[in-house]
Amino acid sequence: MKPITETDDLARFCADCADVPYVTLDTEFLRERTYYAQLCLVQLARPGKGNDTAVLIDALAPGLSLEPLYELFRNPKVVKVFHAARQDLEIFQLSAGVLPKPFFDTQVAAMVCGYGDQVSYETLARQIARASIDKSSRFTDWSRRPLSEAQMAYALADVTHLRRVYEVLSQRLRETGRESWVSEELAVLTDPATYAADPALAWTRLKTRSSQPRFLAALSELARFREETAQGKNVPRSRIMKDDALLEIAANRPKTHEDLAKSRLLLREARRGEIADGILAAIARAEKLPASEIPKPREDPPRKPGSEALADLLRVLLKARADSSGVAQRLIASGADLDALAAEQDDVPALNGWRYEVFGRDASALREGRIALAADGGAVKVVPLD
């Protein structure tokens, strides 16, 4: 088949999708050489089995407008189905300011339906659709044209088998009454704030053990400079400055170009010109930051006597509840959540919504000494302590 390269053709296919209950979508993109992902291909399918029910959209075709697709995204009657959609949605939000609604993510649904943590599309296609995915085109340059027959077949498979996966998972959610559970999770993915990259917060992604105020001031200003420059030039952060170089400069805080030239880790091209000037300017701003504006590192919850043992018990409880409910452990609570619960913190996702019903109620009772855990053959049971 030939990919869609004309706006009128795309509009016709999207119009045919306007009255169906759902469509399945996927994207192929490149990100190795840019800050923002370069959208190369969109795969789109509607229910049915004919050759005319699935198309490839060449996002790089000259003159092609994706507005008909975005209009479909806005159609409240058609569910837009993706698998592991975060990066796909980020592309649409940052490039066009649009997110698909209503929206369904089969990876999230599969985690609720007992398929484990972050199950792959290939696994779901095999287990639910009884389909085998040819992975030979998985790692390919999607910006090159023309696309090969193998590339197009691989891309189409990402949405054609997804139809059966969606139908089975959505039916299972209805039968178990867990549709609202998935909706809670998907609300984050359809929130534009999820995809906002605030340069002022870029420093929080860096791992550092130092809490020295002037180091943190330099770290935050350097990270802000790197983020803004990478965004402006649309290049990866590492092209401006790698993490280890940024940490080195934050620790040494050079004042002149001569000082900067002594860096062991800074890229040679960053030791002069506008990047070097920007680094020195960021250091100068950091030195002038008042104490009230210097960022503070995230502090781990204070540990209380016995909290480590309680966290271990909560891990046992979590596994037991995940096994009995068929919900992936990672979706119910993270290791950090368990540590926070053990430290008697209540601002934890596991104590709200569906997670409370599955795990949080028992977790609260365990830390308050109202229940105990006991071995029951090869399982763990909860024992009330009245």
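This note takes the structure point by point, from the whole chain down to single residues.

1. Overall make-up. This is a predicted model. The protein holds 16 helices and seven strands. Its C-alpha trace spans about 70 × 65 × 35 Å along the principal axes. Of the 386 residues, 48% count as buried.

2. Among the contacts with a separation of 6 or more, 62% are between residues 24 or more positions apart. The accessible surface comes to about 20000 Å². Carbon and sulfur atoms account for 48% of that surface. There are 54 positive and 56 negative charges. Their mean positions are 3 Å apart.

3. Strands S1 and S2. Strand S1 covers residues 22-30 and strand S2 covers residues 38-45. The two pair in the antiparallel sense over seven bridges. Thr 24 stands opposite Ala 45 in S2. S2 is mostly covered, with seven of its eight residues buried.

4. Strands S2 and S3. S2 also pairs with strand S3, residues 54-58. The sense is again antiparallel, over five bridges. Val 42 stands opposite Ile 57 in S3. Leu 44 stands opposite Val 55 in S3.

5. Burial of S3. How many of the five residues of S3 are buried? The count is five of five, so S3 is largely enclosed by the rest of the structure. In a regular strand the side chains alternate between the two faces of the sheet. On one side of S3 lie Ala 54, Leu 56 and Asp 58; on the other lie Val 55 and Ile 57. Both faces are covered. Note that the buried set includes Asp 58.

6. Leu 30. This residue is found in strand S1. Why does Leu 30 count as buried? Its relative accessibility is 9%, and the cut-off for buried is under 20%. Leaving out residues up to four places away in sequence, Leu 30 touches Tyr 36, Ala 37, Gln 38, Cys 40, Thr 140, Asp 141, Trp 142 and Ser 143. Tyr 115 is 85 residues from Leu 30 along the chain, and their C-alpha atoms are separated by 29 Å.

7. Helix H7. The helix runs over residues 179-189. Its buried residues are Trp 181, Val 182, Glu 185, Leu 186 and Leu 189. They cover an arc of only 125° around the axis, so they sit on the same side of H7. What do the buried residues of H7 pack against? The partners are helix H3 (86-96), strand S5 (103-105), helix H4 (106-112), helix H6 (149-176), helix H14 (329-332) and helix H16 (353-367).

8. Glu 221. Not counting residues up to four places away in sequence, Glu 221 touches Ala 282, Arg 285, Ala 286 and Leu 289.

9. Strand S6 is residues 371-376 and strand S7 is residues 379-384. Six bridges join these antiparallel strands. Ile 371 stands opposite Pro 384 in S7. Two residues lie between S6 and S7 in the hairpin. Gly 377, in the turn, has a positive phi of about 70°.

10. Cis peptide bonds. Lys 101 and Pro 102 are joined by a cis peptide bond with omega of about -10°. Pro 102 lies in the loop between H3 and S5. A cis bond also runs from Arg 145 to Pro 146, with omega near 0°. Pro 146 is placed in the loop between helix H5 (121-127) and H6.

11. Ala 84 has phi near 50°, a positive value in a residue other than glycine. Ala 84 is in the loop between strand S4 (79-82) and H3. At 33% relative accessibility, this alanine counts as partly exposed. Glu 344 is not a glycine either, and has a positive phi of about 65°. Glu 344 lies in the loop between helix H15 (335-342) and H16.

How values were computed:
Residues numbered from 1 in each chain as written. Predicted model: local features only at pLDDT ≥ 70, side-chain atom pairs only at ≥ 80, totals over all residues. Heavy atoms only, no water. Helix = DSSP H or I, 4+ residues; strand = E, 2+ residues; numbered from the N terminus. Buried < 20%, exposed > 50% of the residue type's maximum accessible area, 1.4 Å probe, protein only. Contact = heavy atoms within 4.5 Å. Areas by Shrake-Rupley, 256 points an atom, 1.4 Å probe, with all protein chains shown as cover. Lys, Arg positive; Asp, Glu negative; His and termini not counted. Charge placed at Lys NZ, Arg CZ, Asp CG, Glu CD. Arc of directions from axis to C-beta. Pairing = 2+ DSSP bridges.
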